[in-house]
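Hi,

Here is the structure I promised to pass on.

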Amino acid sequence: KIMKKTTLFIVFLIFILAYFLRVLFLSKNSLTFGYDQARDAYVSKQIINRDVKIQGPPASTPGLYHGALYYYLLAPAYLLGHGSPVVTAYWMALINALTVFVVFYLGYLFTKKAEVGILAAFLFAISFEATQYATWLSNPTLGVITVPLIYLGLWLWINKKGKLGPILAALGLGFSIQSEIFLVYHLIPLCIWLFISRKAVSKKSLIIFGITFLFSISTIIASEVKFGFRSLGGLSALASGSGENLAYAKSLGDYLILYLNQIGRIFAFNSYPGNIGWGGVFVIVLAVYSLIKKDRVGSFLATWLFSHIWVVTVGGTSTPFLMVGIGSAVGLIIAYYLSKFPKPLMIFTLAIIIFGNISMILKENPKGSTLFSIQKDMLLSKQIKAIDYTYNEAKGKSFSINSLTSPLYINIVWTYLYKWYGLPKYGYLPSWHGRDQVGQLDSLEKKNKPEDISFLIIEPMAGIPPQYLDLTIGEEDSKTKFIEEEYFGELRVQKRSLQ
């Protein structure tokens, strides 16, 4: 009993460490806040106002949608934080850190050794990739905790450890699909292990799995029925190879290179992110060794680590989040084999892993979710400085804004930020003199011509076709006179006046 209490206390301390590392820079507003984040914030506020949602965010493939579960997890945080993205990030980081307990339990179940579970939990706690996901306010982040639940349930199931296995596996898979529709690929390794362990799988457990799984994706099913099975068009596009994410890979060799690059990066970001080559090769060697030796635990983890191979043809270099949840398996397989190393070698290897992850966290996390964001400087800290600049230059007078954004001509980010931050602090809102915002979730008051004082907000150009910069500035020059320009990293604001 003393040992159990001590073990639980250590795991709890690791959880505290994990949460600390994830929110380390949030107090400085080091939070990526772009179009997706603003859109999801508005939808969550609609849920708060009792507007029930059954359709989630759109996937990159037209016609496909993720589940609505993410919106419902965001809603309480936006309610309690009065619309604050920072409060919401603290909340999502907490959910991310809870994965520590899932990883610990898996490590313990694999070996019956608490120290293996503790080591695996610690490696997840300090994982650079996991900390990047923690405050990235985007639907794939849920996969960090839901994907390990699949494999926890599966391991319990195939080893006849209680009746909870098929329920956890089904909830993990269903909620993972809610998080990111393409995570359905985890169904394949699940089926492989159910087949291998078919003597341990009863018909009753399969029925329980099926019922629970259908429940977990019920909102997706309801959305398909209500909106006329739109996903069929998206699936057709994927089957015909016409999806947007397929432009990179044209032949088998391209897919192989793409896959190796993707897993190499993800493996490294959870082992030694300071060197993608070393970190990636280290984990790949462990996984391949497990398969060759036919080690049951190692092979189980290897199928989890390599599971992304089934979906590599639908994702390019811009979709690293398709591998969300695999990072936990990296920590588990490293912990599993490190426990077999001689103590000096284990400590030396662990020290290198700790150094690589902590140094990368300190270097990258102040810049937001750099692994996933396209517009690197869409940071809340810089956006707030830009908004303060416009109010300070206006000196209490009315002013209008225009913006060059990604996606083009959609001002939802700045509308949200001015209403959440600018209005309470300064007591009034700017008007909008840019292109029509009809059909958007929200917009500022539209004016046909700029105010005497106006501003052009130019977002970081990554993701914006370069020709639109000259076009937008040209349109502004025809209506207003340029006075000065302030930079906030790659984000810039031009102060203007009427001609």
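Predicted model: local features only at pLDDT ≥ 70, side-chain atom pairs only at ≥ 80, totals over all residues.

Leaving aside neighbours within four places in sequence, Ser 231 is in contact (heavy atoms within 4.5 Å) with Gly 63, Leu 64 and Glu 224. With Glu 224 there is a side-chain polar contact of 2.6 Å (N or O atoms within 3.5 Å, one able to donate a hydrogen and the other to accept it). Ser 231 is buried, at 16% relative accessible area (buried is under 20%, with a 1.4 Å probe), and sits in helix H13, residues 231-239.

Numbering runs from 1 along each chain as its sequence is written, and side-chain values use heavy atoms, leaving out hydrogens and water.

Val 283, Ala 287, Ser 290 and Leu 291 of H15 meet Gly 298, Ser 299, Ala 302 and Leu 305 of H16. That contact has five nonpolar, three polar and no charged residues (Gly counts as polar).

The other pair is H9 (165-179) and H11 (203-216), at about 30° and with axes 8 Å apart, which makes them roughly parallel. Helices here are DSSP runs (H or I) of at least four residues, and angles, from 0 to 180 degrees, are taken between N-to-C directions of axes fitted to C-alpha atoms.

Cheers

Notes: Helix = DSSP H or I, 4+ residues; strand = E, 2+ residues; numbered from the N terminus. Parallel < 35°, antiparallel > 145°, perpendicular 65-115°, else oblique. Buried < 20%, exposed > 50% of the residue type's maximum accessible area, 1.4 Å probe, protein only.
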